[in-house]
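Hi everyone, thanks for coming.

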Amino acid sequence: MPTVLRAALRRAKIELRQQLLSPMAVFSLLGPAVLLTVLYFTRDSQLMESALSLGQFLVPAYLAFGIISGGVLGVSGEITTERDDGTLLRAKTVPHAMTGHLIAKFFVSLVTTLLPLGIIIVGAGLLVDGVTPTTAWGWVRLLLLSVLTIAATLPLGAVLGAVFRGPIALLWTTMFIYGLCAVSGLFYPITVLPGWLQWIAQVFPVYWLGLGFRSVILPSDAVTLEIGESWRTWETFGVLGVWVVVGLVLAPIALRRMSRRQSGSALATARERVLTRGY
Amino acid sequence: MPGTGAAIQTRNLQMQYGATHVLDDVSLTIGRGEVVALLGPNGAGKTTTIEILEGFRVPSGGEVSVLGETPHTAGEAWRARVGVVLQSWRDHGKWRVEEFLDYLGLYYTDYATAEVSRPWPTTDLLERVGLAGKTERRLERLSGGERRRLDVAVGLLGRPEVLFLDEPTAGFDPQARRDFHELVQSLSDLDTTILLTTHDLTEAELLADRILVLAGGTIVADGTPDDLRHRMSATAKVRFRRDGQLHTESTEDPVSYLRDVLARPGEVIDLEVRRASLEEAYLALVHQVETGADTPPASFGILPDLGDPPPEADARTSEDD
């Protein structure tokens, strides 16, 4: 195994151990726990005129939201922090350590994003009917979709983290993405929104993430709540595929540019900013 | 400048951000195994210079060579031969000392040679920097001094040929400063070229074989501490009062100066003749460069022609990249 990969795995192992054994890990279980509770108590209440329960509709929404927050917001937040606290500069002073650092980050994000999703799928499957794929092909599609969506979101997170300078810019990004989640029909059917808003939502990957998960998880008659009453499977994979390519092209450029700008004085400036302003 | 035997060499190095000149013309040569202090007031361009040498900044002009390569274009194999001691702050707070060095050391395994084993084994290294008892300590629980020792350990991890330390004792209390000086002095047997920056003359004198004074974006003095002190001892400060007015003068020849003074009319009282200290000479030199005086003090002897006064610039804030 190449040294850089070996070092990256060592790092990923240490970081995962730190994260999963820290008291903060409990909070990452909070979301799934709340969702499963809601799911259980709303299992009989119907969503609009469909045969779906509200809880059922929320499961794919939460899967999509979990990937967005873990993949985009989590990664971009970490990169911004690591730039300010000197982690990235440290990596730059050691040969190949920046590459190793980013590979490790990919592994860590993969695990920390998928873990809560796994808990939801298993928990929901035990609590209520009709929220897990019913066929082997369905499970395969769920797995493929998870991999594809993570591949589409992690690089975008890295780009955002690399491009934006401080926590304030990151805050705006976060608000933009939450806004995007709100208009992308994650938490209620997108067809209740005005047409122009539907078009905007379809440009961004959030909508397609949600659609993809709904198509895999929900019973087939739930398709009546979708645009054109179709799951648009090929379009989903096509659009997400395009975002994967966009991310993979932009991420190395943005990360290299960011890495070039790391220096002791840049770090001193960041430290001064944090010590005087508090963020 | 390929093919030079020096560990570090620059010629006419320049750095400007827009209209601000941080470095005007820095030319320096540092031989292998030398321990050199780059001394200068805040904003003189010390950090900019060292970051160019570390490969973290691209100079606006001039030539630069570290271990025979141009730092900002050199590859990872070059990086493995260069150690950088950071002023770390709070990175890797949750990591433990030993696992942190073990992890970073992995990256150096490919660069081991028949003569030099790499990385430096963690246990030996921690002993060397005085952290042997802290292997399981989390980084966030180390004191400021311990943290800087760990920074030195990271810098030494790959047994570098050149080690850079930028203001290594900034923010230290006197005891931590003294401890750190002892640590740096103990590195002299390593055969590593060491370049450190400081604004503290005493520190430079204590640690370095040679001092380069950087002021106003250029090197204004270059010599061993002894050289500088020797030249300094030729200068004396003469103070006296005549007709109630205080006069002070620095001169290399106090005898003829005084003969001259006493020959003039008026009563001279409170006469005092004192050899200038190295500190005073340094401050006078810096002051002269910064205020644009024509000639630097003769006591430093080896000064290049300064030409026009370079504009003042602050390397840390003039560019937030």
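Let me start with a question: how many residues of chain A are in contact with residues of chain B? In this predicted model, 27 residues of chain A touch 30 residues of chain B.

So who supplies the chain A side? Helices H1, H4 (87–92), H5 and H11 of chain A each give at least two residues to the side that touches chain B. H1(A) gives the most, with seven residues. If you like to think in residue classes, the side of chain A that touches chain B has eight nonpolar, twelve polar and seven charged residues.

Let's stay with H1(A) for a moment. This helix covers residues 3–20 of chain A, which is 18 residues. From the first C-alpha of H1(A) to the last, the helix reaches 26 Å, close to the 26 Å expected at 1.5 Å a residue.

Which residues of H1(A) are buried? They are A:Val4, A:Ala7, A:Ala8, A:Arg11, A:Ala12, A:Ile14 and A:Glu15. And please note that A:Arg11 and A:Glu15 are on that list. The buried residues of H1(A) pack against helix H5 (97–127) of chain A, together with helix H3 (97–106) of chain B. In other words, the packing partners of those buried residues come from chain A and from chain B.

A word on confidence, for those of you about to ask. Chain A averages a pLDDT of 87, and 99% of the residues score at least 70. Among the elements of chain A, H1(A) has the highest mean pLDDT, 95.

Now over to chain B. Chain B has ten helices and twelve strands, and 42% of its 321 residues are buried. Of the contacts in chain B with a separation of 6 or more, 69% are between residues 24 or more positions apart.

Chain B is divided into three pieces: domain 1 (1–77 + 161–176 + 189–235 + 296–321), domain 2 (82–160) and domain 3 (236–295). Where domains 1 and 2 of chain B meet, the contact takes 17 residues from domain 1 and twelve residues from domain 2. On the domain 1 side, the largest share, five residues, comes from strand S6 (residues 162–166) of chain B. That side of domain 1 divides into eleven nonpolar, two polar and four charged residues.

That's my tour, and I'm happy to go back to any part of it.

Conventions
Residues numbered from 1 in each chain as written. Chains lettered and ligands numbered in written order. Predicted model: local features only at pLDDT ≥ 70, side-chain atom pairs only at ≥ 80, totals over all residues. Helix = DSSP H or I, 4+ residues; strand = E, 2+ residues; numbered from the N terminus. Expected span 1.5 Å × (residues − 1). Buried ≥ 20, exposed ≤ 12 C-beta atoms within 10 Å, placed from the backbone. Contact = placed C-beta atoms within 7 Å. Domains from an automatic or database assignment. Nonpolar A, V, L, I, M, F, W, Y, C, P; charged D, E, K, R; others polar. pLDDT = per-residue confidence, 0-100.
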